[in-house]
Amino acid sequence: MKVYRLAVIPGDGIGPEIVEQALRVLDAAGERFGFRFDYTPCLLGGCAIDAGGTPLPEETLRVCREADSVLLGAVGGGKWDHLPGQQRPEAGLLGIRAALGLYANLRPARVFRPLKDASPLKNEIIAEGLDIMLVRELTGGIYFGERGRREQNGVPAAYDTEQYTVPEIERIARVGFEMAQKRGNKLCSVDKANVLESSRLWRETVTRLAPEYPGVALSHMYVDNCAMQLVRDPHQFDVILTSNIFGDILSDEASMLCGSIGMLASASLSGGSFGLYEPIHGSAPDIAGRGIANPLAAILSAAMLLQYSLNEPKAALAIEAAVHDALTELRTPDIYVEGCQKIGTAEMGTAIVERISRCL
Ligand code: IPM
Ligand code: MG
């Protein structure tokens with residue numbers, strides 16, 4: 001039987017509880033479709049700081065490099081907010097993305113039909129649902145540019161730098177074009193080229209590649225307009241291609257269109273089959289340990305792992321179908337509406353496991 005090696009990073013806050021459910025679901029999918037997993041847990045973020053004083057232990061990187069893929073919960077929390085930038089839990093997350101070369105972040109924003117009413121958009125705007133793929137550059141831009149503090153004209157100041165090289169833009173643009181080819185052949189590249197020089201280079205570079213993908217209709221949009229269009233008429237988008245920081249912001253917005261940030265999964269890829277899979281939500285320390293967190297973003301991240309890294313599309317589809325089915329009657333508090341049954345984190349995990357085990 002095929003055995004996949006997974007590095008598992010539960011992280012902080014609700015991370016461990018949602019990852020636990022995702023692993024149960026992966027095991028059920030393996031049992032149903034004939035493979036199994038060898039999990040190696042590792043530390044990242046706040047728990048790693050508590051255990052060894054650093055947010056990204058060398059050992060974690062070693063385990064990840066030896067694995068077929070990585071599943072991550074969430075990192076961070078108020079407990080570590082007082083630490084300086086490089087020692088914060090988030091530095092561990094950015095560090096692991098950079099160290100593993102995970103430059104392409106795929107964030108699908110889909111409205112599962114039973115969740116239509118949980119979206120804050122009017123029903124006539126959501127219509128038959130929503131299906132947008134956001135492709136976010138993940139290892140460049142202002143997240144990784146030069147930053148610091150200095151004195152300017154006698155007063156304290158701080159700066160961060162947005163910078164992109166042509167090869168960085170080209171490789172993420174290709175991910176965007178190829179994704180569009182697999183979907184609706186529409187790519188919208190989002191920038192702020194009316195103001196930022198880095199955005200002008202971004203736009204030029206993406207435009208230059210377009211003739212290589214003649215089937216894909218390329219458009220460009222300023223990020224402020226995109227934020228507005230996402231709520232005005234989200235159906236105009238198929239694939240959105242954008243920089244690290246714009247992708248961070250727009251993906252939170254897109255997640256809410258889908259009803260809850262607790263629903264959105266993501267894949268971070270390095271060009272080959274290796275990837276890191278994580279929900280786009282944070283560690284939600286306010287609800288950690290209460291058994292009420294929505295595990296579906298983590299579970300759907302596990303489905304993406306099966307699809308993109310392990311080439312087990314049937315298992316991935318079975319998980320998605322199970323989620324879809326469960327949502328018709330069962331809801332965690334973040335997506336609860338009257339008429340459904342309100343359940344907790346573990347019960348949602350069980351509901352998905354049961355549906356996978358009995359799927360045909
Ligand atoms: C995300 C998160 C991270 C990011 C934080 C936790 C550093 O918001 O994955 O969207 O900004 O990339
Ligand atoms: Mg974010």
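**Stop 1: the largest pocket**

Select Glu-90, Ala-91, Leu-93, Leu-94 and Tyr-143. In this predicted model, these residues lie nearest the centre of the largest pocket, out of a lining of 31. Now colour by element. Two or more lining residues come from each of β3 (69-74), α4 (89-99), β6, β7, α9 (244-257) and β12 (275-279). The space in the pocket is about 830 Å³. Switch to colouring by residue class. The lining shows 14 nonpolar, six polar and eleven charged residues.

**Stop 2**

Show residues 147-152 for β6 and 155-160 for β7; the strands run antiparallel, joined by six bridges. Pick Arg-147 and look across to β7. Which residue is the bridge partner of Arg-147 there? It is Asp-160. Then go to the turn. Two residues lie between the strands, and Asn-153 in this hairpin takes a positive phi near 50°.

**Stop 2: the second largest pocket**

Select Arg-110, Met-133, Gln-307, Tyr-308 and Glu-320. They lie nearest the centre of the second largest pocket, which has 19 lining residues. Five elements to display are β4 (104-110), β5 (131-137), α6 (166-182), α10 (296-309) and α11 (313-327); each gives two or more residues to the lining. The pocket holds about 440 Å³ of space. By class, its lining has 13 nonpolar residues, five charged and one polar.

**Stop 3: the cavity**

Rolling a probe the size of a water molecule over the atoms shows where empty space is left. How many cavities of 30 Å³ or more are there? The count is one, and the volume of this largest cavity is about 50 Å³. To find it, select Glu-162, Tyr-164, Val-190, Asp-191, Ser-198, Ser-199, Trp-202, Ser-243 and Phe-246, which line it. β8 (186-191) and α7 (197-209) are the elements that give two or more residues to this lining. Of the elements, α7 gives the most, with three residues. The lining of the cavity divides into four nonpolar, three polar and two charged residues.

**Stop 4**

Centre on Val-323. Leaving aside neighbours within four places in sequence, Val-323 is in contact with Phe-112, Met-263, Leu-296, Ile-299, Leu-300 and Ile-352.

**Stop 4: two loop asparagines**

Finish with backbone angles. Most residues other than glycine have a negative phi. Select Asn-185, in the loop between α6 and β8. Its phi is positive, near 60°. Is Asn-185 partly exposed or buried? Asn-185 counts as partly exposed because its relative accessibility is 30%, between the cut-offs of 20% and 50%.

Move to Asn-311, in the loop between α10 and α11. Phi of Asn-311 is also positive, near 50°. Asn-311 has a relative accessible area of 62%, so it is exposed; the cut-off is over 50%.

Conventions
Residues numbered from 1 in each chain as written. Chains lettered and ligands numbered in written order. Predicted model: local features only at pLDDT ≥ 70, side-chain atom pairs only at ≥ 80, totals over all residues. Heavy atoms only, no water. Pairing = 2+ DSSP bridges. Helix = DSSP H or I, 4+ residues; strand = E, 2+ residues; numbered from the N terminus. 1 Å grid on protein atoms, 1.4 Å probe; cavity = no way out; pocket = protein on both sides within 12 Å on 5 of 7 lines; lining within 4 Å. Points joined across faces, edges and corners; volume = space filled by probe spheres on them. Nonpolar A, V, L, I, M, F, W, Y, C, P; charged D, E, K, R; others polar. Contact = heavy atoms within 4.5 Å. Buried < 20%, exposed > 50% of the residue type's maximum accessible area, 1.4 Å probe, protein only.
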